[in-house]
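The structure is shown first, and the description follows.

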Amino acid sequence: MNGAPSYWFEAVPDEKKFPSLAEDQSCDIVVIGGGIAGLSSAYHLSKAGMRVVLLEMGTIGTGDSGYTTAFTTHFLDSIDATAKAWNASTAAIYLFKEIIKREQIECEWEDTGCVIFTQKDAIEEFRRTYDMHRAIDSSLDFFEGGDAARLLGYSAKAMFQKKSGEGQFHIRKFLRGLADAVIKNGVKIFEETEVLGVKTSSTSPDLSGPSIEIQTEKSIVRADYCVMAGGSTPGRLFPKVSSMLTGTIDYVIHASYSGGQSPFPRGLYLDDADPYHYFRYVNETDIILGGETKLMSAPSQVKNQHERLEVYLKKLSPGSQCTVKNKWQGGIYATLDFLPYIGPHPEYGDRIIFATGWTGNGTTQGLLSGQIIRDLVQKKRNEFQDIYSFKRHL
């Protein structure tokens with residue numbers, strides 16, 4: 001569901017760097033998907049000494065991960081999801097910084113804060129939202145009226161903020177660095193290799209020996225485990241998982257302000273509109289704004305969603321002159337509780353592990369999924385595995 005190449009492709013163009021699969025392969029783990037969840041899985045599994053083959057239908061980082069806004073935040077799409085995953089999100093943000101430092105990945109990482117704001121005149125409901133979030137993190141600060149507007153530099157009736165502990169970065173620079181790291185770890189990456197079938201060939205009680213066969217156009221990959229890593233899961237292969245996801249389309253614009261200064265301070269921003277909007281600082285003049293989400297099954301709107309974003313931006317910063325430099329859209333797949341599924345589904349056995357249904361929060365949760373999957377394969381308990389297990393909805 002992606003449109004024109006996103007902002008991230010300007011610095012890291014789409015190009016094929018790895019061969020397509022032409023010969024049969026055997027490994028410990030086959031990972032399907034070359035986005036942040038797939039590369040993170042390959043990274044952690046290979047560092048644990050496992051032989052990994054990664055298959056990507058297109059090229060690395062050109063799926064949903066290439067069209068993200070690269071928010072790295074604790075604030076998810078519901079308060080319940082935010083609360084349940086708060087510690088996991090903290091661990092994921094720490095993991096980002098750890099990998100970037102260890103692998104010396106130049107990806108414009110910045111520690112930052114996050115602001116949630118409202119433009120509604122009646123702020124009682126918004127204050128209740130703040131109270132619920134403050135029960136999760138007592139460090140949050142609340143401002144209203146003129147104080148909120150002055151702090152933000154634009155029209156807002158009230159706001160609360162987390163001053164630090166969030167992050168932003170250049171997603172494709174990070175993914176390119178992570179791909180280089182997994183290659184050093186011995187991972188074999190194959191691009192432009194579509195998976196046509198996944199078959200479990202062993203039913204031994206101890207799960208010994210290669211038990212997964214991945215069929216591609218030209219070859220077969222045999223492995224002990226398979227990781228399905230992507231925003232969605234192919235319905236033709238795994239209908240039970242696919243039916244648990246709801247597809248939406250998110251719209252994004254990249255805007256640049258004239259005069260050498262955008263009106264927005266450095267940070268991440270979320271509003272409480274319906275549909276909601278979110279934007280982030282890129283540099284002193286540029287921001288990336290997303291939102292105007294609609295169901296994939298919904299009819300097209302009379303007014304284009306990208307145009308709606310432009311109208312919203314002009315209202316947000318009246319008097320400022322900005323130019324839309326790029327626009328794109330991406331598919332987002334939601335779960336019932338706005339948290340992804342990471343783990344096996346009972347319909348398909350313990351040998352197939354899913355990382356899917358990111359609900360717009362795949363950047364943070366996707367990176368963490370690699371650690372959880374590594375522990376599941378090694379039969380080690382991960383402190384966050386129950387949060388993302390399919391069992392919560394089965």
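In this predicted model, Phe117, Tyr257, Phe264, Tyr269 and Phe279 come together as one aromatic cluster. The count of aromatic pairs comes to 23, with ring centres required to lie within 6.5 Å of each other. An aromatic ring also takes part in an interaction with a charge: the charged end of Arg351 is placed over the ring of Tyr225, at 4.9 Å from the ring centre.

Ser6 belongs to the segment before α1 (8-11). Its relative accessible area is 1%, and Ser6 is therefore buried, the limit for that class being under 20%. Leaving aside residues up to four places away in sequence, Ser6 is in contact with Gly66, Tyr67, Asn326 and Trp328.

One of these partners of Ser6 is Tyr67, which is found in the loop between β2 (52-55) and β3 (71-72). Tyr67 has a relative accessibility of 13% and so counts as buried.

Gln365 is part of helix α10. With a relative accessible area of 1%, Gln365 is buried. Beyond residues up to four places away in sequence, Gln365 touches Leu76, Ala85, Ser89, Pro340, Ile342, Trp358 and Tyr388.

The table relates separation along the chain to C-alpha distance for pairs that include these positions.

| Residue pair | Separation in sequence | C-alpha to C-alpha distance |
|---|---|---|
| Ser6 and Arg222 | 216 residues | 35 Å |
| Gln365 and Glu106 | 259 residues | 21 Å |
| Tyr67 and Pro5 | 62 residues | 7.7 Å |

**The second largest pocket**

What is the volume of the second largest pocket? The value is about 410 Å³. Its lining comprises 21 residues, and those nearest the centre of the pocket are Pro344, Asp350, Leu376, Gln385 and Lys391. The elements contributing two or more residues to this lining are β16 (341-344), α10 (362-377) and α11 (385-388). Helix α10 is also the element that holds Gln365.

How many residues of each class line the second largest pocket? The lining consists of 9 nonpolar, 5 polar and 7 charged residues. Among the residues nearest the centre of this pocket are Asp350 and Lys391, and both Asp and Lys belong to the charged class. Pro344 and Leu376 are also among the residues nearest the centre, and Pro and Leu count as nonpolar.

Definitions and conventions. Residues numbered from 1 in each chain as written. Predicted model: local features only at pLDDT ≥ 70, side-chain atom pairs only at ≥ 80, totals over all residues. Heavy atoms only, no water. 1 Å grid on protein atoms, 1.4 Å probe; cavity = no way out; pocket = protein on both sides within 12 Å on 5 of 7 lines; lining within 4 Å. Points joined across faces, edges and corners; volume = space filled by probe spheres on them. Helix = DSSP H or I, 4+ residues; strand = E, 2+ residues; numbered from the N terminus. Phe/Tyr/Trp six-rings, centres within 6.5 Å; stacked < 30°, edge-to-face > 60°. Lys NZ or Arg CZ within 6 Å of the ring centre and 35° of its normal. Buried < 20%, exposed > 50% of the residue type's maximum accessible area, 1.4 Å probe, protein only. Contact = heavy atoms within 4.5 Å.
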